[in-house]
Amino acid sequence: MTAVRKRFSILFLLLGFTLSLFLSVGGAIAPLGLPVQAQIVRINEAAPLVYQQIPSLPLENRYISKKTGKVDEKSTLVARLIRYHAFVKGRPIQYRLDWKLTLADYLQVNDFIEPGTYPGGETLRENPLERDRTVIKSLTRLQRDQLVQVLVNLLQGDRRPS
């Protein structure tokens with residue numbers, strides 16, 4: 001029995017060492033074994049790419065920054081949607097179902113969106129949550145499905161031709 005415990009102890013030590021070594025070089029484990037840093041860069045770059053693929057999607061980027069007093073044009077509906085999905089809710093970015101749950105949050109048929117934690121709620125003079133909900137509700141089902149598919153394709157690194 002002690003030989004088995006000893007083997008498990010060694011195994012866990014090696015696993016812990018490997019994990020600590022990986023984390024010490026600035027990485028973190030994410031779904032599919034990809035480094036989190038690489039995904040965060042993609043997440044931050046995704047919103048403009050979504051607008052390139054769906055130009056009819058409203059920008060909703062006319063909110064005033066509390067810090068600068070100027071319009072924060074980078075705070076778009078899609079940028080806030082992505083940040084809410086990935087950072088507030090902590091949902092995986094590569095699955096359609098998770099994006100549909102996020103849209104259901106906006107449609108107020110799934111989970112409650114806390115205004116105080118909503119992206120832009122703390123940094124913009126006006127919390128964009130209600131207007132963002134209105135815009136998402138105004139999209140047709142086809143438009144919402146297209147938005148979900150574009151997000152999944154971009155954030156999975158899908159390189160298939162359109």
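This is a predicted model. Start with H3. Select Leu 77, Val 78, Ala 79, Arg 80, Leu 81, Ile 82, Tyr 84, His 85 and Ala 86: these residues of H3 are buried. That makes nine of the 12 residues in the helix, so H3 is mostly covered, buried meaning under 20% relative accessible area. Step past the helix to Gly 90. Gly 90 follows H3 and has a positive phi, near 65°.

**The largest pocket**

Now show the pockets and pick the largest. Its volume is about 310 Å³. Of its 15 lining residues, select Ala 47, Lys 74, Ser 75, Ala 79 and Arg 83, the closest to the pocket centre. Which helices each supply at least two lining residues? Colour H2 (36–53) and H3 (77–88); both do. H2 gives the largest share, five residues.

**Salt bridges**

Side chains of opposite charge can pair when their charged atoms come close. A search of the whole structure finds seven salt bridges. Three of them are worth a stop.

Select Arg 131 and Glu 60. Their closest N and O atoms are 3.2 Å apart. The pair links distant parts of the chain, 71 residues apart: Arg 131 sits in H5 (residues 129–138), Glu 60 in the loop between H2 and H3.

Next, select Asp 111 and Lys 89. Their side chains meet in a salt bridge at 2.3 Å, N to O. Here 22 residues separate the partners: Asp 111 lies in the loop between H4 (96–106) and H5, Lys 89 in the loop between H3 and H4. Asp 111 counts as partly exposed at 32% relative accessibility. Lys 89 is also partly exposed, with a relative accessible area of 27%.

Last, select Lys 100 and Asp 145. This salt bridge has its closest N and O atoms 2.7 Å apart. Lys 100 belongs to H4 and Asp 145 to H6 (residues 141–156), so the pair links distant parts of the chain, 45 residues apart. Check the surface at both ends. Lys 100 is partly exposed at 33% relative accessibility. Asp 145 is partly exposed at 25%.

Key. Residues numbered from 1 in each chain as written. Predicted model: local features only at pLDDT ≥ 70, side-chain atom pairs only at ≥ 80, totals over all residues. Heavy atoms only, no water. 1 Å grid on protein atoms, 1.4 Å probe; cavity = no way out; pocket = protein on both sides within 12 Å on 5 of 7 lines; lining within 4 Å. Points joined across faces, edges and corners; volume = space filled by probe spheres on them. Helix = DSSP H or I, 4+ residues; strand = E, 2+ residues; numbered from the N terminus. Buried < 20%, exposed > 50% of the residue type's maximum accessible area, 1.4 Å probe, protein only. Salt bridge = Lys/Arg side-chain N within 4 Å of Asp/Glu carboxyl O.
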